Amino acid sequence: MAQIVIVVSLAELYRDLHRHPELGFAETRTAAIAARELRAAGFETTEGVGGTGVVGVLRSGDGPTVLLRADMDALPVAERTGLPYASTAVVERDGESVPVAHACGHDVHVTCLVGAARELAAARAGWRGAVLAVFQPAEEVGGGAQAMVDDGLFDRFGTPDVVLGQHVAPLPAGFLGLRAGPAFAAADTLRVTLRGEGGHGSRPEAAVDPVVLAAATVLRLQTIVSREVAGGDTAVLTVGAIHAGTAANIIPDEAELLLSVRSYRPQVRERVLGAVERVVRAEAAASGATREPEVTLLASYPAVLNDPDAVRRAGAALAEVVTARRVVDPGPVTGSEDVGVLAAAAGAPLVYWLLGGADPAPFARARTEEELREVVGGLPANHSPLFAPVISPTLETGVAALVAGARAWLG
């Protein structure tokens with residue numbers, strides 16, 4: 001009966017967090033809730049670590065230290081799930097009204113870590129060591145983990161022997177995805193500023209049009225992956241935003257592109273970034289631009305590398321939660337995560353797995369591999385305005401996985 005009470009409470013907590021998303025480094029309400037829950041469970045709790053981060057420490061004698069991490073921030077996305085607890089939040093950013101939603105599932109991560117903290121505290125007499133519960137800000141902008149490290153995370157609260165975490169994904173709820181080695185791609189976010197010469201829309205010959213330059217650059221950038229990255233390697237280059245101009249009859253001075261680059265191998269990363277620089281400058285020269293373009297690295301974090309020995313140890317524990325048949329290898333994920341920054345700074349092994357959050361019913365109806373692919377292809381993925389994990393059994397599985405992973409080290 002106690003377990004049912006916890007799950008119902010966590011479902012209510014999840015709905016509340018989903019209704020009230022916050023962008024990176026502005027997660028004040030979410031952080032206050034996390035701190036409240038940690039204190040209620042008996043953790044020594046500190047707020048304001050690395051901005052809005054929260055750290056809780058729970059000790060039970062001598063033994064290893066296990067870091068459990070959950071990210072808290074949401075995305076500038078207008079939710080379209082139609083759920084009764086859907087976000088309608090709008091914030092002001094850079095003078096504009098921006099919709100905000102938990103389109104990546106970080107509300108699931110926070111809720112599961114709260115549940116795991118409660119369960120580990122309740123079972124404190126049965127394990128030895130320390131639990132470091134880390135609620136991290138600003139994963140989406142790539143700076144939250146580093147901000148906590150720079151704020152003395154490990155000097156102040158101790159260095160963990162292992163870093164554990166999970167990310168909800170469109171796998172069937174009740175399944176976990178675990179892979180040794182490169183699990184998530186490295187990420188680089190770039191801003192490209194293309195400088196033309198402004199003028200009247202009726203006299204393009206008297207101007208250098210950065211809009212046309214931007215269009216040519218976007219198309220040429222797509223050839224980097226298709227023509228400069230070997231077939232056996234993996235890279236993704238996405239131009240996610242173009243900003244230029246204010247009116248139909250004005251040729252602007254500048255255009256801005258925002259790029260996302262994903263890769264696994266350092267050599268591939270360097271090749272792609274070098275090619276971006278070369279293409280941008282060559283297209284500017286071809287357009288007759290008299291001012292040099294600028295390529296600025298806005299954010300960067302490394303690939304998530306799961307330690308093979310730690311994966312075997314955690315995997316055995318996770319199999320006890322969902323059975324070995326439901327712990328699957330999802331292959332390398334081209335999405336990115338900054339959780340690896342925490343493990344690298346601590347010099348600790350990392351185990352980061354996928355938590356299934358999709359309705360399992362369509363998967364159960366699939367009878368062939370083709371039908372299964374159709375199910376996966378039809379599901380809203382993370383960052384979609386339609387992304388909506390099912391509450392149960394996602395939360396129960398996520399809590400149990402974190403607890404089992406921690407107990408694999410705590411004994």
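Gly152 counts as buried because its relative accessibility is 12%, with buried meaning under 20% relative accessible area (1.4 Å probe, protein chains only). This glycine sits in the loop between helix H4 (144-150) and helix H5 (153-157); helices here are DSSP runs of H or I with at least four residues, strands are E runs of at least two, and both are numbered from the N terminus. Gly50 is 102 residues away along the chain, yet its C-alpha lies 8.4 Å from that of Gly152.

A quick word on the source: this is a predicted model, where local features need pLDDT of at least 70 and side-chain atom pairs count only at pLDDT 80 or more. Residues are numbered from 1 along each chain, and side-chain values use heavy atoms, leaving out hydrogens and water.

Now take H8, residues 308-322. Its 15 residues reach 20 Å from first C-alpha to last, close to the expected 21 Å, which is 1.5 Å times one less than the number of residues. At its start, a side-chain oxygen of Asp307 comes to within 3.2 Å of the backbone nitrogen of Asp309. Among the buried residues of H8 are Ala310, Val311, Ala314 and Leu318. An α-helix has 3.6 residues a turn, so residues three or four places apart point the same way. The cover over the buried residues of H8 includes strand S18 (350-358) and helix H12 (394-410). Just after H8, Thr323 has a positive phi of about 80°.

Conventions:
Buried means under 20% relative accessible area, exposed over 50%, partly exposed in between (1.4 Å probe, protein chains only). Contact means heavy atoms within 4.5 Å. A polar contact is a pair of N or O atoms within 3.5 Å; within protein, one must be able to donate a hydrogen and the other to accept it, and residues adjacent in sequence count only if both atoms are side-chain atoms.
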